[in-house]
Amino acid sequence: MEEQAVQEKKYAVQDYKSDLHNDWCPGCGDFGILTALQNALANLGLAPHQVAVVSGVGCSGKTPHYLNTYGFHTLHGRVLPMATGIKLANREITLVAVGGDGDGYGIGGGQFVAGGRRNLDFTYIIYNNDVYALTKGQASPTVARGKKTKSMPEPSILEPIHPVALALSSGYTFVARGYALDVKHLTGLIQRGIEHRGSALIDVYQTCPTYNDLHSRAWYAGKDRGGKSRIRYLDQMQYDPVVKNPEDAREVAQKKLQALEKAWSADEEVTLGVYYQIRLPTLEENLAQKMPALQDAPLAEQRLWERDIAPLFEELT
Amino acid sequence: MSVKNHKDFFSWVIGGPQGSGINLSAELFAKALSRAGLKVFANIEYHSNIKGKHSDYRLTIGQTQPRSHDDPIDFLVALDEETLCGDLYHQYPTHRGLSGWVVEGGGILYDSAIGNMEDRVEKRNIHLFPMPYLDVLEEALRELGKVNQAQAYKIMKNVVAFGASAGAVDFDFSFLEEVIRGGFPERKKHLADMNVVAARKGYEYARREFAKTLNRKFHPLPKEKRQRQMVISGTQAVAIAKLRAGCALQTYYPISPATDESAYLEKHQRSYPLVIVQTEDEVSAVDMASAAALGGVRASTSTSGPGFALMPEGIGFASITEAGGPVLCLYQRSGPSTGIPTRTEQADLRFALHAGQGDFPKLVLAAGDIQECFEMTFEAFNWADRYQMPVLLLFDKHLASQMVTLPPFPVHGLRVDRGRWFDPSRKNGPYLRYALTEDGISPRSRPGLAGGQFWATSDEHNETGHISEGVANRIAMMAKRMGKEPKALSEIAVKYQYELWGPESAEWTWVFWGSSKGVLQDAAGLVSKKVRLLQIKLLHPFPREAVRKILSRSKKTICFDQNYSSQLAGLVREKTGLSMDSHVVKYDGRPISRSEVLAAQAAAQRGTERIVVSEGRVRREEEGIREVRDLVRLRENSRRMQPTPVPIPPGYNQ
């Protein structure tokens with residue numbers, strides 16, 4: 001009865017806020033993402049001690065400190081292996097990973113790809129602002145060729161990484177894009193990402209008022225084109241991201257192509273929403289199928305040192 | 001140190017191209033000898049190659065336990081010409097073959113199809129046992145009704161040769177049959193039958209043709225005297241210790257010679273269970289294991305030098321977050337860079353000690369033999385939990401792949417200590433994950449525990465786990481973390497710090513670490529001088545007081561390092577201020593042998609300071625160029641030779 005009472009406890013947004021003073025720049029898009037994440041956790045009613053937030057390094061890396069959950073602020077580019085280790089230790093934890101675009105698509109590029117392939121049940125939010133802000137605004141892997149933010153001495157001469165395309169080919173089973181300053185929409189996306197069983201990637205257009213003058217709040221709002229907002233929403237279009245039959249290779253291909261087309265088409269506009277979703281066995285499910293004992297209790301609660309190794313010795317005689 | 005001379009041991013070697021089955025033959029023979037109550041030490045030398053390059057597997061056999069190998073060979077089984085004469089088909093040959101290592105009175109079994117060896121084997125008084133491998137195999141196939149498939153079953157030449165070598169030393173065939181059959185499940189009984197018949201034909205041929213000429217016989221111990229013993233490798237001992245210690249997650253990226261350990265765990269994971277993740281790289285491997293430790297489970301990763309080179313950032317992270325792990329197994333191989341991937345070396349000591357930016361606590365230990373691999377790995381998880389720091393265990397290729405006969409390890413004395421944990425029922429005020437305590441240990445929590453929420457960060461942090469750049473906090477936190485090292489040093493049992501054998505009155509003290517243990521123990525009984533041995537196991541934090549005390553009461557000292565730059569000798573000098581009289585080094589990628597230890601001791605007695613050993617002797621490095629040229633000349637002056645193609649197994653590519 002007591003456990004039930006605990007489960008039924010309602011949590012408010014306030015329950016997910018830590019007391020720590022926030023040191024992001026005034027007006028930073030990160031605030032929008034943090035708020036959306038806190039809202040999503042509250043809406044889902046997840047107990048703070050059952051949630052772990054794992055980050056890399058950079059401005060976004062400080063996110064866990066501002067949340068009253070288990071918080072792991074790890075290494076630059078290593079969010080995904082860290083998240084995987086924590087989740088494997090306790091599969092009942094709701095795991096949210098956060099990191100910047102440089103962290104995820106640049107230094108952590110190898111980890112990003114492998115992190116999708118494993119299909120761990122987790123949600124990965126990338127704060128995508130085109131720059132390495134904490135080191136004062138160098139080009140990140142998402143800045144477009146020929147473009148230059150006010151913090152860059154020269155325009156970029158490299159082809160940018162396309163997050164949706166990279167995520168689709170890396171095996172993420174939920175691929176979405178949000179906008180840091182549309183907190184309501186982003187809250188919904190994060191909620192859907194957390195509810196999705198498998199690896200959910202949410203790439204968030206994040207404004208950096210200090211270093212990125214290319215993609216400012218005004219740019220998204222279309223101030224330069226007579227106030228015609230650049231933001232479009234997939235759920236206001238004829239667009240169904242969900243693969244109905246994961247066994248159907250043709251449908252899978254069709255849904256991926258549709259996502260790519262949508263992500264690439266509108267140069268002057270940004271399209272938000274869920275691009276692709278498919279239900280495939282998660283890493284935890286695949287492991288539990290091999291080893292049913294993993295379902296008995298989280299590994300962190302099992303007394304694994306009581307194993308009988310005598311048969312192993314016998315095998316060697 | 002019971003071994004008095006080389007004659008107590010018999011050295012049996014099988015050589016041939018990789019893919020020709022020498023591993024199977026040697027390991028079956030080792031197991032058969034073990035079942036007969038004999039003691040075996042086995043070690044393999046192989047190339048970084050899948051099929052075709054030369055490999056040789058050596059069994060050192062005795063009534064008492066051999067702990068090492070030696071260069072001379074009593075019985076050589078050659079599956080190809082290269083094993084006898086070297087790779088003289090190469091423009092730049094790399095070796096002269098093994099026939100020159102066969103001792104007087106020893107024997108060589110080879111395929112008579114290679115041709116006459118009488119004029120090609122330099123030594124006198126060596127028994128040559130030419131055997132028509134294919135004819136004998138055909139005989140076996142005739143019995144099996146497959147005589148017209150001799151070409152398809154050529155791969156089984158190794159089985160015939162293996163049987164013949166057992167026949168040549170008059171070993172009881174029933175033990176061979178038992179282990180061959182044991183290697184096949186019931187549904188593959190026909191394969192077992194084939195192998196038994198092939199081995200028996202070789203065995204009978206040898207008994208008929210040669211048994212009288214080789215004056216060495218392996219008599220099984222009487223049944224009542226036979227101990228139940230395993231034939232176990234270093235990687236297996238480490239893997240089993242991990243299972244016993246309750247390791248929940250093992251991560252790895254494939255790399256020689258570490259992979260065998262993870263492969264063993266993967267093979268057994270379903271029965272335990274244990275989660276194995278083959279990661280995208282070693283960066284991920286160390287991070288995932290560190291995070292799992294932070295997540296509250298026992299976790300480990302295994303790698304070799306090139307993989308370890310990717311790990312320092314993760315080790316520093318595990319240490320500053322006081323993760324409670326991981327246990328990191330570093331199987332050293334010949335460096336630098338890719339180096340010689342399948343050969344041994346002990347050249348990563350300095351790297352392991354200094355891997356990572358900043359000052360942070362960690363434990364670095366090295367195991368000397370397979371028993372220690374098991375015990376030290378088991379305890380490593382206790383230390384990781386108790387001191388909340390990464391534990392680095394150093395092994396090497398020689399230790400990883402050697403196999404020895406050993407009784408099953410005693411497990412009743414093994415105690416699990418998971419260290420200090422947050423107790424929600426005794427909560428008093430907010431929980432502080434990095435609480436500043438008297439002894440530097442803060443009670444741990446893990447995700448999922450109500451009231452135990454905490455933050456962990458790779459940044460310097462305060463007691464809550466939030467970032468702090470404050471001066472007072474920095475001093476307190478550094479002192480807290482670094483103070484765990486002297487605490488560990490004062491608590492870790494002495495037997496895991498160092499070990500000393502022999503009397504203080506000994507004229508010579510041999511100082512060493514890691515896999516040199518067995519060979520030094522065996523060799524110590526063979527020298528005329530009185531010797532004592534000091535093995536250093538705990539390399540960081542260094543047991544400086546104890547080592548200084550021992551060395552300052554030693555007469556003459558020699559330090560044995562299987563690397564170029566005498567890394568242990570340098571460390572001892574740094575920590576104790578004491579220098580060794582002689583430094584023995586070996587960096588040719590092969591493990592140090594008994595002959596090399598004896599040669600080194602003789603050189604030290606002559607007052608040589610830096611002693612390089614290789615190929616059974618003290619080697620003059622300045623002659624290296626000439627020796628390379630000599631090999632090229634040898635090829636030019638020798639009979640033309642072709643590499644032996646590796647037979648393709650039946651059904652291959654079909």
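1. A word on names before we start: helices (H or I, at least four residues) and strands (E, at least two) are DSSP runs, numbered from the N terminus. Please also keep in mind that this is a predicted model.

2. Let me begin with two prolines in chain B. B:Pro326 sits in the loop between helix H11 (312-320) and strand E11 (327-332) of chain B, and the peptide bond leading from B:Gly325 to B:Pro326 is cis, with omega near -5°. On the way from E11 to helix H12 (349-354) of chain B, the loop holds B:Pro336. Here the peptide bond from B:Gly335 to B:Pro336 is cis, again with omega near -5°.

3. Next, have a look at the open sheet in chain B. It is built from 7 strands, ordered E16-E18-E17-E20-E21-E22-E23, and its pairing is mixed. Strand E16 (498-501) and strand E23 (617-618) of chain B are the edge strands; each has a single partner strand, so one side of each lacks a neighbour in the sheet.

4. E17(B) and strand E18 (residues 531-536) of chain B run parallel and are joined by 5 bridges; in E18(B), B:Leu534 is the bridge partner of B:Val511. E17(B) also pairs with E20(B) in the parallel sense, over 5 bridges, and there B:Trp510 stands opposite B:Ile558.

5. How covered is strand E20 (residues 556-561) of chain B? Mostly: 5 of its 6 residues are buried. E20(B) pairs in the parallel sense with strand E21 (residues 582-585) of chain B over 4 bridges, and B:Cys559 has B:His583 in E21(B) as its bridge partner.

6. Together, E20(B), helix H19 (residues 567-576) of chain B and E21(B) make a right-handed β-α-β unit. In the loop between E20 and H19 of chain B you will find B:Ser566, whose phi is positive, near 50°, although the residue is not glycine. B:Ser566 counts as buried because its relative accessible area is 8%, under the 20% cut-off.

7. A:Asn119, not a glycine, has a phi of about 55° and lies in the loop between H5 and strand E4 (122-128) of chain A. With a relative accessible area of 5%, A:Asn119 is buried.

8. Now to the place where the chains meet. Contacts link 52 residues of chain A with 65 residues of chain B. The two chains bury about 5,100 Å² between them, 64% of it on carbon and sulfur atoms. On the chain A side, A:Trp305, A:Arg307 and A:Leu316 lose the most area to chain B, together 16% of what that side buries.

9. What about polar links between the chains? Chain A and chain B share 4 salt bridges. A:Glu314 forms a salt bridge with B:Arg228, with the closest N and O atoms 2.4 Å apart. Polar contacts between chain A and chain B number 31 residue pairs, both residues being at pLDDT 80 or more.

10. Which elements of chain A each supply at least two residues of the side that touches chain B? They are strand E2 (70-73), helix H3 (79-89), helix H5 (109-118), helix H10 (283-290) and helix H11 (310-316) of chain A. H3(A) gives the largest share of that side, 7 residues.

Notes. Residues are numbered from 1 along each chain as its sequence is written. Chains are lettered from A and ligands numbered from 1 in the order in which they are written. This is a predicted model: local features need pLDDT of at least 70, side-chain atom pairs count only at pLDDT 80 or more; totals for chains, interfaces and linings use all residues. Side-chain values use heavy atoms; hydrogens and water are left out. Buried means under 20% relative accessible area, exposed over 50%, partly exposed in between (1.4 Å probe, protein chains only). Two strands pair if DSSP finds at least two bridges between them. A crossover is right-handed if, with the strands pointing away from the viewer, the path from the first strand over the helix to the second runs clockwise. Contact means heavy atoms within 4.5 Å. Buried area is the accessible area (1.4 Å probe) that two parts lose on being put together, summed over both. A salt bridge is a side-chain nitrogen of Lys or Arg within 4 Å of a carboxyl oxygen of Asp or Glu. A polar contact is a pair of N or O atoms within 3.5 Å; within protein, one must be able to donate a hydrogen and the other to accept it, and residues adjacent in sequence count only if both atoms are side-chain atoms.
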